[in-house]
Every structure is written in structure tokens, then in C-alpha cells.
Amino acid sequence: MLNKILKYSSCRSLRFATLSVVIAGGLALSSPAAAQVNAEQVLTIGRNVMSMEDYLLAIQYFNMAIKAKPYLADAYYLRGLAKLQLEDFEGAIADCSAAISRNKFKTEAYKARGFALQKTGRDSLAIDDYNIGLEYNPDDKYFLYYKGIAQTELKQYSQADSTFLRLLRRYPRFEEGLVARGRMNLLSGDTIAAMKDLDKALTLSRTNPGVYLMKAEMLTKRSQWEDAALAMDEAIRLLPEEIDLYINRAYIRYNLHNFYGAMADYDYALTLQPLNETALFNRALLRTEVKALSAAAEDLTTLLKINPQNFYAIYNRALIYLEIKDYRKAYNDFQEISRRYPKFYPAYYGMAECQQQMGNIREMLANIKKADQMVANYVDNPKKNPLDRPTIQAGKSRTANGKDNSGKSEEEEFMEKFNQLVTSEASETPELAFNEKIKGRVQDRDINITPQELFALSFSTPEISLRNLSNSFRNLEMLNRRQYISRKIYLNEGLSTPSDRDLLGKIFAIEDEFTSAISAADTPRPVDFFARGVARTMLKNFDGAISDLTRAIETSDDFIAALFARSVAYTYKGSQESLSSDNSHIQSPIIHNSLKGTQNSPVDHSAMQKNLDYQLAMNDIDTILGIDPSMLYAWYNKGYIYYTLGDFTSSILAYGKALEIDPEFGQGYFNRGLAYLRQGNRQSAFADLSKAGELGVLQAYNILKRLQ
């Protein structure tokens with residue numbers, strides 16, 4: 001916790017220490033064409049935008065400057081700084097490296113890159129960057145400060161002490177330096193020197209939460225609970241939204257026998273973050289102690305939905321069920337433990353007690369005998385007959401072959417962590433448009449981990465956003481330009497189904513308009529069926545839309561816009577079917593194998609229909625790509641369907657084709673990044689998500705933060 005707060009303070013200091021903002025009024029953005037962009041002016045606008053903490057928009061300006069003048073070191077450095085504020089540390093490292101390669105005297109880039117390296121645990125490399133910076137600027141406050149912290153992390157306490165001594169001789173009133181040295185002294189065991197540094201820091205300022213947190217930690221170790229509680233109160237006053245502080249104060253209050261206050265802290269922490277594992281587990285233990293057993297079991301059940309691997313949650317819930325005489329549930333939990341940890345003997349004693357209460361005497365005796373034998377074998381030869389000693393979360397220790405103590409590889413463990421995030425979202429935040437002011441620490445917004453939607457045709461004008469879209473769809477552009485129909489059709493991300501009653505009425509009116517045109521004509525035009533099919537898709541009348549679009553395609557088999565619209569209707573129809581079927585077994589859209597059924601298992605007709613819809617959508621997309629292989633959105637939608645079906649390898653290949661056509665297609669990077677995550681490919685996933693964030697996809701930064 002203390003280390004986290006120090007890093008919080010460091011990040012804040014880095015931002016203010018390195019960003020020199022030039023406020024300039026009356027500037028207008030030039031044409032987006034790279035040749036006409038005034039790179040220096042765009043950089044100035046980007047600085048101003050970043051000073052207002054609108055980091056995503058600032059990155060878009062820096063992208064424009066880089067396109068116009070790719071040799072400008074400042075553009076890469078500033079973009080790296082914006083990524084640093086969004087906690088995209090790998091992206092920041094890459095941009096700062098690019099800045100340094102263009103100007104090796106850009107000392108601030110060494111500072112930002114060093115900080116990003118520190119945040120990713122590469123303290124030795126960070127120190128190398130700080131040493132280079134100190135060669136150019138030997139008295140720089142933050143180079144010395146960050147270097148001292150990195151040396152502390154590496155347990156190089158004597159070197160860190162020398163660095164902090166140099167820092168505080170030059171800047172004796174630098175309170176953050178005093179706090180950092182106090183922490184170093186605390187870790188090295190010199191609590192007297194640590195307290196001296198903290199007291200001096202408090203004489204300079206009483207608004208640094210790190211000081212109070214360190215005091216609370218030291219006082220807690222001395223069991224001076226009342227003073228520790230006072231220090232923690234001050235830290236919470238300064239950081240009222242920091243969940244960990246409430247959890248730690250609850251621990252202190254528990255030791256003061258203030259159970260009501262401890263419970264209130266856990267309750268408030270869970271108000272701020274309803275699925276916080278530590279708060280749920282600790283509140284369950286406290287509820288157990290005060291005999292609120294049913295409520296304790298509920299907390300542990302919620303926790304196990306988030307993290308099914310939490311052994312202690314299962315074990316404690318089993319004990320609670322045993323105490324409230326729910327022997328069947330207790331037995332199930334003990335049995336689950338014995339499956340995972342077959343040499344954890346208390347589980348067998350627990351099952352035996354449940355079986356005794358349920359009248360299963362034979363099974364009870366068998367489990368007692370098994371547990372007794374395990375203990376006897378261990379006493380006889382502990383090395384030959386070790387007992388299982390589970391950790392809170394499986395995977396804490398690794399063997400030489402890269403497996404954890406549950407037999408999982410790092411790749412498997414990473415996939416499991418990602419899957420847990422996907423299935424246990426705490427809250428939903430709707431995607432924001434540009435005019436809703438996407439600003440500040442967007443990585444802190446709790447956003448559901450779902451792919452960016454497939455592209456569809458619509459009568460609704462696309463929303464303005466930060467994302468760069470070419471919207472290149474030649475067949476649709478020609479149709480609109482020649483005004484074959486009275487209304488313009490747009491390419492949109494998502495279905496664009498109107499929820500407002502007035503807008504919905506307008507779409508129904510558009511459907512009626514083209515129905516009248518079709519009825520009045522002796523030979524209805526394909527474009528009228530096409531337009532009505534688009535309207536019906538927006539109204540989620542997918543069968544009607546497919547019928548109309550098929551009529552249009554029958555007349556003109558190279559009608560790409562109609563083929564595209566029909567593939568979308570089939571895809572959405574398939575997603576409707578999936579609501580009534582379990583598709584967890586589906587791994588590939590090669591449908592002819594999955595439709596066969598067997599004598600031993602009934603055929604799931606809803607799943608069959610869903611698969612058929614997806615296959616028909618894929619057929620239309622393949623027809624489009626046979627006519628125009630450069631159709632970006634066909635490749636993208638193909639990747640989306642593969643992802644939905646769980647064929648992540650094919651999804652990655654399809655998104656890759658889209659990105660070959662448009663290397664700045666943010667949604668493609670984002671969705672491919674999710675597919676890489678599904679495969680456990682952390683390095684490729686993080687690279688794609690970083691690029692997606694750079695190109696304006698808000699959700700990317702949230703996922704990067706949660707998985708780092």
C-alpha cells in the first residue's frame with residue numbers, strides 16, 4: 001500500500017515537473033492533410049490540451065505532428081508523456097525511445113522513459129536512464145528522486161542513501177525526497193532515522209499522504225493502534241477515494257476492538273468498489289466473528305464469482321456452512337478443495353463431519369482414515385510425503401519449467417486472469433462520444449471488456465469521436481453520390497438503433513417511404529429493397545431485412561453495399577440466437593462439422609440456427625472480398641464474427657488483413673488485442689491495445705491498467 005502511494009506521488013510529480021505548457025490563444029487547427037499541417041502549431045495546441053488533462057485528444061494532435069514531421073523529437077516525447085499519464089507504460093517507453101533516437105540530448109525523455117521503466121519493474125534500466133540524465137543535468141531534482149526510489153526497490157540501501165543525501169543537500173525542503181528517504185530507512189530497518197525524516201516532512205507540509213501512511217505503518221508494527229488510527233485518518237482525509245486506505249484503517253480499528261468502525265470501513269470500500277476482493281474477504285471474516293454467518297457466506301460467494309481460485313474463501317465458506325448446519329453445501333466446498341489439493345488433510349476431516357451429520361457413516365470413516373494416513377505418512381517422512389499448503393491464489397510460486405504450483409503456465413494464468421475480468425465486471429460505463437469530454441484519467445473508468453462493434457449501414461449520421469476512420473466504402477459512396485435514393489446512407493460502428501421515440505418514428509417512416517416506392521413500381525428497384533433492408537436492420541427486424549437485401553442482391557449479384565448490409569443482419573440475427581443457447585463449445589465457424597449432432601447428444605437447434613446465421617454472414621463477406629479484397633470493413637467484420645465464435649486465431653488473421661489496408665484503424669488494433677488476450681499472448685496484446693489507445697479507443701487504457 002505504502003509503495004503504491006509513493007508511486008502515486010511520483011507520477012504526479014513527474015507530470016508537473018516535465019510538462020512545460022505554453023498557453024496560446026486564438027489558434028485554429030489546420031487541414032488534416034499531413035502536408036498542410038503546421039507541426040509546431042499543432043504541438044502547441046496539443047500541449048495546451050494536455051495541460052487540461054485531455055490526454056486522448058492531445059495524443060491525436062501529436063499524431064498529426066508526427067505525420068507531418070516524423071523527425072520531431074518533441075512530438076514523440078509529448079505523446080509518450082500523455083501515454084504515461086494514461087498508464088500505457090510500454091507505449092510511453094516506445095515513444096520516449098523514439099524521441100531519444102531523434103535527439104539524444106532530450107533529457108526529459110530519459111526521465112519519462114525511466115519512470116515508465118520503474119512502473120513496469122525494470123528499476124535497473126530506469127537507473128541507467130537517470131544516470132544519463134544526470135550527466136547532462138547533475139542537480140536535477142527528479143532524476144535524483146526517482147533514482148533513489150529505484151535503488152530502494154532494488155534494496156541497494158547504501159547507494160540510495162547516497163542519492164537521497166545528494167538530493168536533500170541540494171533541495172533541503174523537498175518534502176517528497178524526505179518521505180522517500182524515510183521509506184528507505186524504514187525498509188533498511190532504521191526506524192529512528194525514518195521517523196526523523198517523516199517529522200521533518202510534516203514541518204514542511206501536512207498535505208502529503210505518504211507521510212501519514214508511513215507513520216501509520218510504523219505505528220502499526222509497534223502495535224500503537226490509536227496513534228496509527230489517527231495517522232490513517234489524516235491519510236484518508238487527503239485521499240478520500242483510495243480504497244486500500246479504508247481497508248487498512250479497518251484492520252487498525254479491529255485491533256482497537258472497534259468492530260462497528262471496522263465494518264463501516266469495509267462497507268464504504270465496497271461502496272467505492274463493489275467487487276474488491278480484499279474488502280469482501282475481510283468483511284466476511286469480521287462478519288463471521290460477530291456471528292453474522294449468512295452475510296459472511298454471501299460475501300465469500302460473491303468473492304468466488306470474481307476469483308474461483310481463492311482457496312481461503314472456499315475453505316472459510318465451508319466452515320461457515322458447517323456452523324450453520326448446511327452440511328450439503330459445506331461438503332461440496334470441502335470436496336472442491338480436495339479436488340484441487342488432494343493432500344490437504346483438513347478437507348477430508350471436514351467432509352467426514354458433514355457425512356456424519358448426513359448419516360453417511362461408511363464414507364465418514366473412509367475420509368477419516370484417508371486424512372489420518374496422510375498425517376501419519378507426513379510424520380514418518382515429511383520430504384517423501386509432503387502435505388498440500390495452498391496459497392490464497394494458486395500460482396504464487398513457479399517451477400523451473402514455468403509452471404505454477406497448480407500446473408499452469410504463465411500463458412494459461414494470464415488467460416485466466418483476463419477471463420475473470422471479462423466475466424466479473426463491476427459496473428458498466430457507456431462508451432463516450434467526443435462531445436462528452438473524454439478527459440483525464442480515462443484508464444480509471446470501469447468499462448466492460450467487450451470487442452468494438454462490427455460496422456453496419458445506417459440512416460443515422462455517425463457520431464464525432466477521437467477515432468480516425470477512413471470510411472472508405474466505394475460502393476456506398478457511389479450510391480450516395482449518384483443519389484439513387486432520396487436519403488443518404490452512412491457507415492456506422494454498431495447498429496445505431498434509435499432509442500428515442502421521435503427518432504424511432506423517423507426510421508419507421510423511412511421504412512414506410514420505401515415500402516410505398518416498392519408497391520408503386522411495376523418493377524421495383526434493387527436500391528429501394530436495399531434501403532428498406534437497412535431501415536429494417538435498424539429496427540431489428542432481421543428476417544425482413546434479410547428478405548429485402550436478398551431481393552436486391554438477386555437483381556445485382558455484385559451489389560457490395562447490399563451484401564455488406566445482409567452480412568450484418570445475419571450476424572445480429574445470430575447474436576440473438578446465442579441468447580437462448582450456450583456457445584461455449586464452439587471454437588470455429590466451420591459449420592458443417594458442428595451441425596451434425598450425435599446419437600448420444602441431442603441437437604441444440606437454437607445453436608444450429610445461430611451457427612448457420614454466422615456462416616451465411618461469412619459467405620456474404622467472402623463474396624465481397626472476392627470482388628474487392630481491399631474492403632477494410634469486410635475484413636474487420638469477419639474478424640468480429642470469428643471472435644464471437646471463439647476462433648481467435650482466425651480472428652487475429654482477419655483483423656491483421658484490415659490493419660494492412662489501414663495501419664491506423666484503432667478498432668482493429670483493439671479487437672485484435674482482445675483476441676491476443678484470449679490466447680494468453682500478453683506481449684502482442686499490450687502492443688495492440690497501446691496502439692488502439694493512441695488512435696483514440698478509450699477502453700484500451702482501462703484494460704491495460706487492469707491487466708498490468
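Predicted model: local features only at pLDDT ≥ 70, side-chain atom pairs only at ≥ 80, totals over all residues.
Q: How far does helix 9 reach from its first C-alpha to its last, and what would be expected?
A: Helix 9 takes in residues 157-170, 14 residues, and spans 20 Å, close to the expected 20 Å. That expectation is 1.5 Å times one less than the number of residues. Residues are numbered from 1 along each chain as its sequence is written, and side-chain values use heavy atoms, leaving out hydrogens and water.

Q: Which residues of helix 9 are buried, and how do you know whether they line one face or several?
A: The buried ones are Ala-160, Thr-163, Phe-164, Leu-167 and Leu-168. Seen down the axis, they fall within an arc of 125°, so they line one face of helix 9. That arc is taken from the directions from the helix axis to the C-beta atoms.

Q: Why is Lys-83 called buried?
A: Buried means under 20% relative accessible area, exposed means over 50%, and partly exposed is in between (1.4 Å probe, protein chains only). Lys-83 has 2%, so it counts as buried.

Q: What makes Lys-83 and Asp-95 a salt bridge?
A: The rule asks for a side-chain nitrogen of Lys or Arg within 4 Å of a carboxyl oxygen of Asp or Glu. The closest N and O atoms of this pair are 3.1 Å apart, and they form a salt bridge. Lys-83 lies in helix 4 (residues 73-85) and Asp-95 in helix 5 (residues 89-102), so the pair ties together parts twelve residues apart in sequence. Both belong to a network of salt bridges that also has Arg-79, Lys-691 and Glu-694.

Q: How many salt bridges does that rule give?
A: The count is 40. Another one joins Arg-249 and Asp-265, at 2.8 Å from N to O. This pair links helix 14 (residues 243-255) with helix 15 (residues 259-272), across 16 residues. Asp-265 also meets Arg-253 in a salt bridge, at 3.2 Å.

Q: How many disulfides are there?
A: Zero, by the rule used here, which wants a pair of cysteine sulfur atoms within 2.5 Å.

Q: What makes Asp-372 partly exposed?
A: Its relative accessibility is 39%, so Asp-372 gets that label. This residue lies in helix 21 (residues 361-380).

Q: Which residues have the most contacts inside the largest nonpolar core?
A: They are Leu-457, Phe-459, Phe-473, Phe-530 and Phe-564, in a core of 137 residues. A nonpolar core is a set of buried Ala, Val, Leu, Ile, Met, Phe, Trp, Tyr and Cys residues joined through side-chain atoms within 4.5 Å. A second, separate core has 69 residues, including Leu-198 and Tyr-212.

Notes:
Helix = DSSP H or I, 4+ residues; strand = E, 2+ residues; numbered from the N terminus.
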